[in-house]
Amino acid sequence: MRYNEEQVQAIHHSNGPALIVAGPGSGKTAVIVSRICALIEQAQIPAGKILAVTFSRKAADNMKRRFLNIMPGSDIPFFGTFHSIFFMILKQAYGLSSANIVSEDQKENILLNTADHDQIEYEDPFDFASALINEISKVKSGGSKPESFISSVVTPAEFRKLYEAYTLALTKQKLIDFDDMLSLCLKLLTEREDIRNYWQKRFRYILVDEFQDINLLQYQIIRILAAPQNNLFAVGDDDQSIYAFRGASPKIMRRFLNDYPDAVLIKLIKSYRCPAPVLNCSHQIIIQNKGRIQKKMESLHGSSFGIVQIRKCKNQLAEYESIAKDIRKLLREGTNPREVAILLRRSLEFPVIQKVLANYGITTETMQQYDKGASREASLTKHSSCVQLMTIHAAKGLEFRHVYLPDVSEGILPAKKSYTKDALEEERRILYVAMTRAAESLKIYFPEKIRNKKTAPSRFLDCFFKKAL
């Protein structure tokens, strides 16, 4: 593979901290893997001294597979998730086993049983428990107090009850969750110099993928592990930070530069994925966010390639039928269905849009983010003849030739509950992530009415939608 100038600079960065700001489609995984190979081959760093950490087992396995394709037969660095690394540290120190880790089913049962006992009302049990698990995690990983936390699903008093019941149940059953694992790890590495020294010597070079999704506790632990050499190579994009509900914040990327004033900053701004119209439109939206690391992505496709359209429809049904007709035309022209994706802010609309598509002879497979603790895997079956229907969060990291974004409307994107500055900026990043999945065409829709109620197009489109229409 031929690398561009910024990629070469990142791959051959020598020692010390580096922040690699990698925009959508900029080849960040290739850079991480090639840097690991360069450390082993050129810098003569033993593979066992290198740690590459990311958020999902799938991503870690992908990096490992790509490494072995380049260096077959080589000793293998440690490719793992935050979960697996912190568990490894605690297992060695305390003899923990997987039996000590609370399962997602156990979490759900604790919360649902407590809600039923205390007559706390909810509609869908899975959505209710999943939202609460995320909120409890946010409290624990963010260092805030349950009594001052404002829940989006229950009253403050109810949240306190559920939080206390959850922590008490874990204590009684001698179980820990991922956030406890973080707290225990931080405490262990802070208080035990011998253990801290062992792990610092074990991993001399640390590479972190998807750095924009890190939370404060994870960042603090990684900083300790990287000391004192601080050979910390952090790769991410603050514009693609969309996991605030898990405690992630794009501010940590900016904090990195303050914590490491001698850090090398490299921006990967050449996109191998997105055409210029997609990058230009998404840029107009994301620059409305304040305090972001300044960058403007450049397309490596010709200036005449690619298309962005914004379409107004009278209601959701008309919107979905317009999408169905458009997709049917693509499929008749020979487009592979798996190269077509419909991305929604929420899964609530899935059944309706699936029914409309089915009426046009279009089969879909669904993929949505299941926020199961530290895992970021999504549910997806492998059918080659289906159009992809998924939530925007589930689509992160993926790309498609043709992307459709329905319901880009006030109350949906941004979500109704997103009224603070930080929440609105997060919603704007969610739209940016959705737009930059497109490798050829991007079509954005908004209805004039949703469920017979008038609705306005998303405020995020104000910067250009009148001109586009």
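**View 1. The surface of the protein.** The accessible surface of this predicted model comes to about 21,000 Å², and 50% of that area belongs to carbon and sulfur atoms. Accessible areas are computed by the Shrake-Rupley method with a 1.4 Å probe, and for residues only the protein chains shown count as cover. Of the 469 residues, 54% count as buried, meaning under 20% relative accessible area (1.4 Å probe, protein chains only).

Local features need pLDDT of at least 70 and side-chain atom pairs count only at pLDDT 80 or more, while totals for chains, interfaces and linings use all residues.

**View 2. Strand β1, residues 18-22.** Here is one of the 16 strands of the protein, which also has 17 helices; helices (H or I, at least four residues) and strands (E, at least two) are DSSP runs, numbered from the N terminus. Five of the five residues of β1 are buried, so the strand is largely enclosed by the rest of the structure. One side carries Ala-18, Ile-20 and Ala-22, the other Leu-19 and Val-21, and all of these are buried. In a regular strand, side chains alternate between the two faces of the sheet.

**View 3. The partners of β1.** Strands pair if DSSP finds at least two bridges between them. β1 runs parallel to β6 (residues 264-268), joined by five bridges, and Ala-22 has Leu-268 as its bridge partner there. With β5 (residues 232-236), β1 pairs in the parallel sense over four bridges; in β5, Val-235 is the bridge partner of Ile-20.

Note on methods: Residues numbered from 1 in each chain as written. Heavy atoms only, no water. Buried < 20%, exposed > 50% of the residue type's maximum accessible area, 1.4 Å probe, protein only.
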